[in-house]
Amino acid sequence: QLQASGGGLVQAGGSLRLSCVASGIMFRYNHMGWYRQVPGSQRDWIASITTSGYTNYAEVVKGRFTISRDGAENTAYLQMDGLKPEDTAVYYCNARPPITSSWGQGTLVTVSS
């Protein structure tokens, strides 16, 4: 399972950086993605990065969030700037497309107004 970390409580307009460490094999051969889920709603994809570093974002986070990956550390990151209350959710990382057995518990991000 992949474990995301770095969540917390932040005021609107603030920033957080999420991290996700994967196994070397998984990281080397998979595109990576970040997803989020509001309780009672489905889990949505928000950002992804290919093995070669090409990035893609959902419209709701484009221009505010930045995904990156560090091959030496087998770690994916999500830099979140300009946070809004509607960004409040549990954030998960996984491969893109996701591997069912790799979902972890996620990390909670709460943005206060």
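## Overview

Of the 113 residues in the chain, 43% are buried, where buried means under 20% relative accessible area, exposed means over 50%, and partly exposed lies in between (1.4 Å probe, protein chains only). This is a predicted model, in which local features need pLDDT of at least 70 and side-chain atom pairs count only at pLDDT 80 or more, while totals for chains, interfaces and linings use all residues. Residues are numbered from 1 along each chain as its sequence is written, and side-chain values use heavy atoms, with hydrogens and water left out.

The radius of gyration of the chain is 13 Å, which agrees with the value near 13 Å for a compact globule of 113 residues. That radius is taken over C-alpha atoms, and the globule rule is 2.2 Å times the number of residues to the power 0.38. Along the principal axes, the C-alpha atoms fill a box of roughly 40 × 25 × 20 Å.

## Elements of the chain

The chain contains one helix and 10 strands. Helices (H or I, at least four residues) and strands (E, at least two) are DSSP runs, numbered from the N terminus. Read from the N terminus, the order of elements is β-β-β-α-β-β-β-β-β-β-β.

## The four-stranded sheet

Strands E1, E3, E8 and E7 form an open sheet in the order E1-E3-E8-E7, with antiparallel pairing; two strands pair if DSSP finds at least two bridges between them. Its edge strands are E1 (3–5) and E7 (65–70), each of which pairs on one side only. E1 and E3 (residues 16–21) are antiparallel and share three bridges. Ser5 stands opposite Ser19 in E3.

## The six-stranded sheet

An open sheet of six strands has the order E2-E10-E9-E4-E5-E6 and mixed pairing. Strands E2 (8–11) and E6 (55–57) are at the edges with a single partner strand each, so one side of each is left without a neighbour in the sheet.

Strand E4 (residues 32–37) is antiparallel to E9 (residues 89–95), with six bridges between them. Gly33 has Asn94 as its bridge partner in E9. Six bridges also join E4 to E5, again antiparallel, and Gln37 stands opposite Arg43 in E5. The hairpin of E4 and E5 has five residues between the strands, and Gly40 takes a positive phi near 90° there.

E5 and E6 are antiparallel and pair over three bridges, with Ser48 opposite Asn56 in E6. Five residues lie between the strands in the hairpin of E5 and E6, where Gly53 has a positive phi near 100°. Thr50 sits in the loop between E5 and E6. Is Thr50 buried or exposed? Thr50 has a relative accessible area of 17%, so it counts as buried. Leaving aside neighbours within four places in sequence, Thr50 is in contact (heavy atoms within 4.5 Å) with His31 and Arg69.

## The nonpolar core

A nonpolar core is a set of buried Ala, Val, Leu, Ile, Met, Phe, Trp, Tyr and Cys residues joined through side-chain atoms within 4.5 Å. The largest one has 28 residues, of which Trp34, Ile46, Phe65, Leu78, Met80 and Tyr91 touch the most other members. Elements that each supply at least two residues of this core include helix H1 (24–29), strand E5 (43–49) and strand E8 (75–80). E9 gives the most, with four residues.
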